[in-house]
Amino acid sequence: MAASRIEGRMYIEETGAGDGDIKVTVEGQEYTAEANYDLDGDGVDDTVTVLTDDGHVAYIDENADGEADVMQTVRADGTVAGQARFEPASGDWVAERPEQHPAPPQDEQPMMIDTPHGDRPIGPATEDTDNDGNPDTAVVTTGTATLLATDVDGDGSADQLVEIGDAGEVTITQHTGDGQWTLVEQGHLDHNGRYTAEPHPPAVATDDATWTFDPPPAPADGPAARPAPGTAWA
């Protein structure tokens with residue numbers, strides 16, 4: 001489920017931004033998350049990306065069977081720092097040599113978020129929320145929520161953030177200065193995906209805790225990160 005707000009309007013997508021769920025198996029437990037990035041450029045989202053403190057973790061479905069085959073830890077500069085491959089027979093993730101990705105085309109450059117600690121890349125815009133034919137919103141999964149970052153003016157930097165928590169709570173903030181984001185609206189989504197705004201939210205600047213993304217713990221047999229129960233997985 002996804003939401004974004006442009007020029008006073010709230011858009012709700014009940015099916016979410018990706019092309020389907022990807023299953024990840026860790027130590028015999030299965031987790032699912034919606035694919036939100038097209039890694040191979042074939043027009044179908046095949047990867048779940050999860051923000052970390054210094055980049056993101058990518059869970060990649062290479063053969064389009066709905067299950068993650070490769071797990072990569074990716075630094076903020078796009079360098080793949082670690083990689084592991086899932087072995088169905090043993091149920092283990094086995095470390096392997098990281099495969100570096102080529103630089104993305106210009107229209108797939110990551111959007112930036114201006115935080116109190118400097119600019120952070122969050123992935124390319126994939127959603128066109130104002131229906132002008134150009135993607136303006138990047139959708140990423142954090143530890144406990146889905147984050148939609150919208151570039152309103154097309155300068156490559158996010159101007160608005162919509163955070164949707166696991167329980168349907170919605171928080172909307174706007175960029176109001178260098179490293180400063182101000183709360184402009186709060187609300188919630190019901191079980192049917194209908195959004196209701198809370199009346200007159202206080203205009204409050206976000207604090208440093210807003211920009212703390214806890215990475216999933218690393219598996220014992222490889223350098224890549226893994227999902228943790230109750231964090232990024234539905």
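Select residues 21–26 and 29–34. These are strands β3 and β4, and they pair in the antiparallel sense over six bridges. Strands here are DSSP runs of E, at least two residues long, numbered from the N terminus. Two strands pair if DSSP finds at least two bridges between them. The model is predicted: local features need pLDDT of at least 70, side-chain atom pairs count only at pLDDT 80 or more, and totals for chains, interfaces and linings use all residues. Residues are numbered from 1 along each chain as its sequence is written, and side-chain values use heavy atoms, without hydrogens and water.

Stay on the hairpin. Click T25: E30 in β4 stands opposite. Now click E27. Two residues lie between the strands of this hairpin, and E27 takes a positive phi near 50°.

Next, which residues have the most contacts inside the largest nonpolar core? Select V24, V48, Y59, A68, M71 and W93. This core has 15 residues. A nonpolar core is a set of buried Ala, Val, Leu, Ile, Met, Phe, Trp, Tyr and Cys residues joined through side-chain atoms within 4.5 Å. Buried means under 20% relative accessible area, with a 1.4 Å probe and protein chains only. β3, β4, β5 (47–52), β6 (55–60) and β8 (80–87) each give two or more residues to this core. β3 gives the most, with three.

Then select L51, I113, V140 and L147. They are among the 11 residues of a second, separate core. In soluble globular proteins, nonpolar side chains tend to be buried together.

Finally, show the whole chain. It has 17 strands and zero helices. Of its 234 residues, 44% count as buried.

Terms used
Helices (H or I, at least four residues) and strands (E, at least two) are DSSP runs, numbered from the N terminus. Buried means under 20% relative accessible area, exposed over 50%, partly exposed in between (1.4 Å probe, protein chains only).
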